[in-house]
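Subject: Structure for you to look at

Hello,

Here is the structure I said I would pass on. Please open it beside this message and follow along.

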Amino acid sequence: MIIQFFAVIVAGIVLFRKMLFQKAKNLENQVVLITGGAKGLGKEIAMQLAKYNCKIAIADLDMANAEKTCDELRTQGTLDVKAYKVDVSSLAEIEHLKTQITKDLGPVDIVINNAAIIMIRSVQEENPELLQKMIDVNVMSLVWTTRVFLQDLIDKKRGHIVSISSIGGLFGAPDLHVYSTSKFAVRGFMEALYTDLLRYDNDKFVKTTTVFPCFINTGNSIEEHTNNNYKLIKMWDVKSVAKRIVKAIRYDERIVTIPSIAYIFGYKIQIPTFIWRAFIKNMTKPKKN
């Protein structure tokens, strides 16, 4: 435990020095693909990236909101922005998307795997088809985008792959069995991707970032679920989360947890069982019959 404690302290010092002395990379004119960018966190990430003069591709099934997001970006001065109707769980559609974006905006430099769906009922209660769809969207979409875009990033020796996991990808979340499963899978996939890039020295050019945010006030059913099932849990403002993600991209941070302390308990220290049991008992509410 003492070694782990000092390891965390050293990691914190290294990160502080990196943020203090490392120069943020220039994102101007880089082509960014954001899956699930029509609204919520994906939309806000697009808004924040627009400040750095990126070219932005919004991929979503919700074309009405995707077009609204593009209109807002154009109003703010981002002219190189386009919406694409895509089922991100389909490899064929991702392959076609690559062709379209390359034609319209140029080769993709940054892939942000944000698309996700969440079902808040337990595995016994939820529709099996919806559970399967959650796995397809939350996991297979980033598998397909990596398959389609990774080699181009390696060949041109520049690129960044960002995947949005969840605090539920660090700790199992009540009534979110399959959602937590999918977000743990995101963590595993991104760890393996980073390891493979490192193996061939491609990590010097192609960066990866995995983000583990806590509950975000995106206006969906997760807010009701949080109020019904947890005590003293802070809902994070979507704009502040998006700003943190863009900062991580600019400074090539590999792991981002929101709140930051979750990094220690999710990555560096194994929480003793008795402490975890007490935490769950005190921070969650039993379901009403």
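Below is what was found in it, from the whole chain down to single residues.

Please keep in mind that this is a predicted model.

Overall make-up

The protein has 289 residues, and 47% of them are buried. Its secondary structure consists of 10 helices and seven strands. The accessible surface is about 15000 Å², and carbon and sulfur atoms account for 56% of that.

Nonpolar cores

As background, nonpolar side chains in soluble globular proteins tend to be buried together. In this model, the largest nonpolar core has 33 residues. Which of them touch the most other members? They are Ile34, Leu41, Ile45, Leu49, Ile56, Ile112 and Ile245. Helix 8, which covers residues 238–250, contributes the most to this core, with seven residues.

Setting aside neighbours within four places in sequence, Ile245 contacts Leu41, Ile45, Val162, Ile164 and Val211. Another core, of 18 residues, lies apart from the largest one. Its members include Val31, Leu33, Ala59 and Leu105.

Cysteines

A disulfide is a covalent bond between the sulfur atoms of two cysteines. How many disulfides does the count give here? The count is zero. Cys70 has a relative accessible area of 0%, so Cys70 is buried. Cys214 is also buried, because its relative accessible area is 14% and the cut-off for buried is under 20%.

Aromatic residues

A search for aromatic pairs through the whole structure finds zero.

Where does Phe171 lie? This residue is in the loop between strand 5 (159–164) and helix 6 (177–199). Is Phe171 buried or exposed? Phe171 counts as buried because its relative accessibility is 19%, and buried means under 20%. The C-alpha atom of Phe171 is separated by 9.8 Å from that of Lys183, and the two residues are 12 residues apart along the chain.

Regards

How values were computed. Residues numbered from 1 in each chain as written. Predicted model: local features only at pLDDT ≥ 70, side-chain atom pairs only at ≥ 80, totals over all residues. Heavy atoms only, no water. Disulfide = S-S within 2.5 Å. Buried < 20%, exposed > 50% of the residue type's maximum accessible area, 1.4 Å probe, protein only. Phe/Tyr/Trp six-rings, centres within 6.5 Å; stacked < 30°, edge-to-face > 60°. Core = buried A, V, L, I, M, F, W, Y, C linked by side-chain atoms within 4.5 Å. Helix = DSSP H or I, 4+ residues; strand = E, 2+ residues; numbered from the N terminus. Contact = heavy atoms within 4.5 Å. Areas by Shrake-Rupley, 256 points an atom, 1.4 Å probe, with all protein chains shown as cover.
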